[in-house]
Amino acid sequence: MSARGRQIGAETPKFVWVGAMLALLFLSLPLVGLLKRVAWTGVFASVTSGPASEALRLSLITSVFATAIAFILGLPLAWVLARIEFRGRSIVRALVMLPMVLPPVVGGVALLGAYGKSHGLIGGLLYDVFGIQLTFSPLGVVVAEAFVALPFLVMAVESGLRSIDPRYEESAATMGSGPSERFWKVTLRLLSPSLIAGVAVAWARALGEFGATITFAGNIEGRTQTTPLAVYLLLESDPEAAYALSFVLLAVCVAVLIAMRGSWLGRRS
Amino acid sequence: MKRFGLAIAAVVVIGSLAPNAAHADPIAEVSKLKGDLTISAASSLTDVFTELAKQFRKDNKGAKVRLNFGSTSTLVAQIQSGAPSDVLASADLTSIEKLVATGNVVVAPKVFARNTMAIAVKPGNPRAVRSVGDLASLRFVALCGKTVPCGVYASSVLRRAGVSLIESKVTRGIDAKSTLSAVANGDADAAIVYKTDVLAAKKIVLGIDIPSAQNVQAMYGIAPIRNSKNLTNAKAFIDFVLSEQGWQILKSFGFQRP
């Protein structure tokens, strides 16, 4: 690896190195700044007390459910996008990607437009018929998080499906296995690295969701106030707790990246 | 006001006379309303300060006015961490006192307007809210964050009215505007926000007055920030806000005299 690095480096113009270094500095400096502000002796106490711990607990539960929804709905959609030729596929793909690039607050407004009890397209129906109110409920948090996380899972899994050599599945077919058996025994196994990557990045995205959540699900302590919302509000009343919570989120994201190594980071050859 | 008038006069004089006058005349230094001016203002001042800045720009073509809105607490935190800002207009006086304590403000703040709180409900008042007491029976009430001024004022109103809301029914907006939006665009049944915000949104929400015995008087303060690179402009803008012309604009947005 290092030998190859040097070889490529010899052909790399100086300005590329300088640019790359600046980019790295640009990305890492804020992280150093955050770590510097964390009051290490108080992290545990800050994170395990009052609103902070409630926010963490809520974030954990809602993000896991959101990721599960993203997984259950995202896998079939990724399959269709990767494997089936149909008219307007690129339009569907663009639609799927939209929540990735949409400002999350706009996503929240859009969710209100669909599921809001008073103004939403089907929100009133949901409430009248099933008694479900998504706004201001933990379920609403799950919906907001799944809305922004789903595309990340679809994109990761779709690219994974495309990279699978079809011959594996074909040979399994010639050996007499049916489509379902092939899916569980061959495709899913080959797909597992991208699946893990997709789940990890979708979960991280769900965990960090702010704009769509506060707009759609509100900001109710112990009910819809997730960790990022708590960080924002604590920044004014209890900065130490805000930095401690930020550190926890940072640590979780680093763990996610470690889990994803081999799929998106570098190659395991 | 007088100095402000003088400043304009001096701009005119300099514009028509020799350029080297600027070096000699101390008034000329004061009068050059050029360059950037960043005003940090409480979110409840969004509409009125946009109008005030528009008027100020019209009178001072050379000055570039930028507006930065947010909850007063956010603005204080921004200024304390060194964000460039020339003027702070806050929704209370304690926030400016915090900046005085940290040395970011060295001039005594001026009170330029007064505001009260009001209840906002959905058009047609479907839940038949008539008083602060009725809020306790609603499903969801939107209030500002506990530590931002409009949240502190709302707490006072509830305390004075002898009403306590269960925290699990209270959604907290990050500032006055977003709190009101939870009623206007979302599913919150009611909000307690500034009366001026309710007036500004009268097309999308219905306002209900809170009797003065239960209400609070929100005092808006304005002060220049110590490290301002453009103290002259900062002071000129503050003078403009405190002027009769400024007051007329404030009044037209529903603010009261301090």
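## The sheet in chain B

Two strands pair if DSSP finds at least two bridges between them. This structure is a predicted model. In chain B, five strands form an open sheet in the order E7-E6-E8-E5-E9, and the pairing is mixed. Strand E7 (170–173) and strand E9 (206–209) of chain B stand at the edges. Each has a single partner strand, so one side of each is left without a neighbour in the sheet. From one strand to the next, the twist averages 35°.

Look at one pair in detail. Strand E6 (residues 141–144) of chain B runs parallel to E7(B), and four bridges join them. B:Val141 stands opposite B:Val170 in E7(B).

## Helices packed on the sheet

Helix H7 (residues 149–160) of chain B packs on the sheet. H7 touches strand E5 (117–121), E6, E7 and strand E8 (190–194) of chain B. Its direction makes about 125° with that of E6(B).

Helix H8 (residues 176–184) of chain B also packs on the sheet, touching E5, E6, E7 and E8 of chain B. The direction of H8 makes about 150° with that of E8(B).

## Helix H10

Helix H10 of chain B has twelve residues (231–242). At 1.5 Å a residue, H10 should span 16 Å. Its end C-alpha atoms are 16 Å apart, which agrees. Among the buried residues of H10(B) are B:Ala236, B:Phe237, B:Ile238 and B:Val241.

## Where the chains meet

The contact takes 19 residues from chain A and 19 residues from chain B. On the chain B side, helix H5 (72–80) and E7 each supply at least two residues. The residues of that side divide into six nonpolar, eight polar and five charged.

Definitions and conventions: Residues numbered from 1 in each chain as written. Chains lettered and ligands numbered in written order. Predicted model: local features only at pLDDT ≥ 70, side-chain atom pairs only at ≥ 80, totals over all residues. Expected span 1.5 Å × (residues − 1). Buried ≥ 20, exposed ≤ 12 C-beta atoms within 10 Å, placed from the backbone. Axes fitted to C-alpha atoms, helices over the stretch in contact; angles between N-to-C directions. Contact = placed C-beta atoms within 7 Å. Nonpolar A, V, L, I, M, F, W, Y, C, P; charged D, E, K, R; others polar.
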